[in-house]
Amino acid sequence: IKFKGDIPSVLRADKIYWDQVENDLEEVENQLENVRKIALHEVYGKKHPLAGKKKGKDDDDMSQESMTLEAEVEALRSTKIGLFTLDAIKRVSSLRENVERTKKKFSKLLEYFGEEDKKKM
C-alpha cells in the first residue's frame, strides 16, 4: 500500500461525499421544521389565540413567537406527530453536533498534513 500516494484521491472523494452529507442534513433539518409546524398547527390550528386574527404573509408560520419553549414542547407532546418531531429534533441535533465535531477533526487532520490552506471543508 502506497499510503502517501493514495491520500490525494481520498481527499478529493471525501469532499464530494462530505458536501452531500452536509446538503442532506440541511434538507432533513428543513423538512423537520416543516413537520414541527404541521404538528403545532394540528394542536393549535383553530384554538390558537392568534388563529382568528390576520397575521399577514406569515399566516402559515406556526413558529409561535409568543409561545414559550415549555409550552411548545407540551403542545408537541400532546400528539403522535409531535412526539415524533421531538424525538427527531433530538436525533438530528445530535447528528448536527457530530457533523460539526467531524469538521473540526478533519480540519485538524488537514493541518497535520499541511493541507489547511488548500482544502476547506
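**View 1. Surroundings of T85 in the predicted model.** Leaving out residues up to four places away in sequence, T85 touches L32, V35, R36 and A39, where contact means heavy atoms within 4.5 Å. T85 belongs to helix α3, residues 80–112; helices are DSSP runs of H or I with at least four residues, numbered from the N terminus. T85 counts as buried because its relative accessibility is 0%, the cut-offs being under 20% relative accessible area for buried, over 50% for exposed and in between for partly exposed (1.4 Å probe, protein chains only). This is a predicted model, in which local features need pLDDT of at least 70 and side-chain atom pairs count only at pLDDT 80 or more, while totals for chains, interfaces and linings use all residues. Residues are numbered from 1 along each chain as its sequence is written, and side-chain values use heavy atoms, without hydrogens and water.

View 2. The buried residues of α3 include G82, T85, A88, V92, V99, F106 and L110. Just after α3, G114 adopts a positive phi of about 75°.

**View 3. The largest nonpolar core.** Seven residues form this core: A39, L40, V43, Y44, M67, A75 and L76. A nonpolar core is a set of buried Ala, Val, Leu, Ile, Met, Phe, Trp, Tyr and Cys residues joined through side-chain atoms within 4.5 Å. Helices α1 (3–44) and α2 (69–77) each give two or more residues to this core, and α1 supplies the largest share, four residues.
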